[in-house]
Amino acid sequence: GKAAVRQNATKHGLLSQEVLLPGEDAATLEELGERLRAELQPVGELEGMLVDRIIAAYWRLRRLGRVEAGIFAWELYGELAERARQEARAHEKTGLDQLREKTSLPSVILNQRKHKDALSKAKEMESMRDAETATLGRTFIRDSETVNAFSKLSRYETAIERSLYKALHELQRLQAGRNSEGDAPPPAVVDVEVSGL
């Protein structure tokens, strides 16, 4: 039951419990995990858990970049599609517009080639807007409707980075204590945060 509902609340994946979301490459995540484990060389369960956290945070930071690109893509291609549709409508206008609106008369195309080109461009932009990266951005925008999506994205980035560095510092502290072989106490943990305010 718990495994089945674990991803129910997953929208954009930045705060999901699962590291790998549908559509993401498991092999790439596995390679990343292998590289980080080789570099960080955890010993024991606790260090292994900290490395798992580092891998998860790193993966989410990579996803965050895709979400940001998706927000831009969704907005950009949506705007370009609307402009192309407006251009197509400009080639449909005649003196009968008001009568056509009231009686549902078909549009009269003034310039077939330009009208067709504009509609084709609109469909192309809508297709790009609906591509995977832009859809990821739209998912995040939808989740952020009450706030600025970029502001919320920035807050997520800060929280994920904090999690990454916290796990990394704790791992380094444990490894330093283990490597000192009892001759020296492990270094004290000092986390410094710098605010841009």
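These legends walk through a few close-up views of a predicted model. Residues are numbered from 1 along each chain as its sequence is written, and side-chain values use heavy atoms, with hydrogens and water left out. Local features need pLDDT of at least 70 and side-chain atom pairs count only at pLDDT 80 or more, while totals for chains, interfaces and linings use all residues.

**View A. Helix H7, end to end.** Helix H7 covers residues 149-179 (helices are DSSP runs of H or I, at least four residues, numbered from the N terminus). Its 31 residues reach 44 Å from first C-alpha to last, close to the 45 Å expected (1.5 Å times one less than the number of residues). Among its buried residues are Leu153, Tyr156 and Ile160 (buried is under 20% relative accessible area, exposed over 50%, partly exposed in between, using a 1.4 Å probe and protein chains only). Just after H7, glutamate 181 takes a positive phi of about 55 degrees.

**View B. Glutamate 47 meets arginine 178.** These two form a salt bridge, with their closest N and O atoms 2.9 Å apart (that is, a side-chain nitrogen of Lys or Arg within 4 Å of a carboxyl oxygen of Asp or Glu). The pair links distant parts of the chain, glutamate 47 in helix H3 and arginine 178 in H7, 131 residues apart. Glutamate 47 is buried at 5% relative accessibility, whereas arginine 178 is partly exposed at 34%.

View C. Glutamate 170 pairs with arginine 173, closest N to O 2.7 Å. They sit 3 residues apart in helix H7, so about one helical turn separates them.

Notes:
Helices (H or I, at least four residues) and strands (E, at least two) are DSSP runs, numbered from the N terminus.
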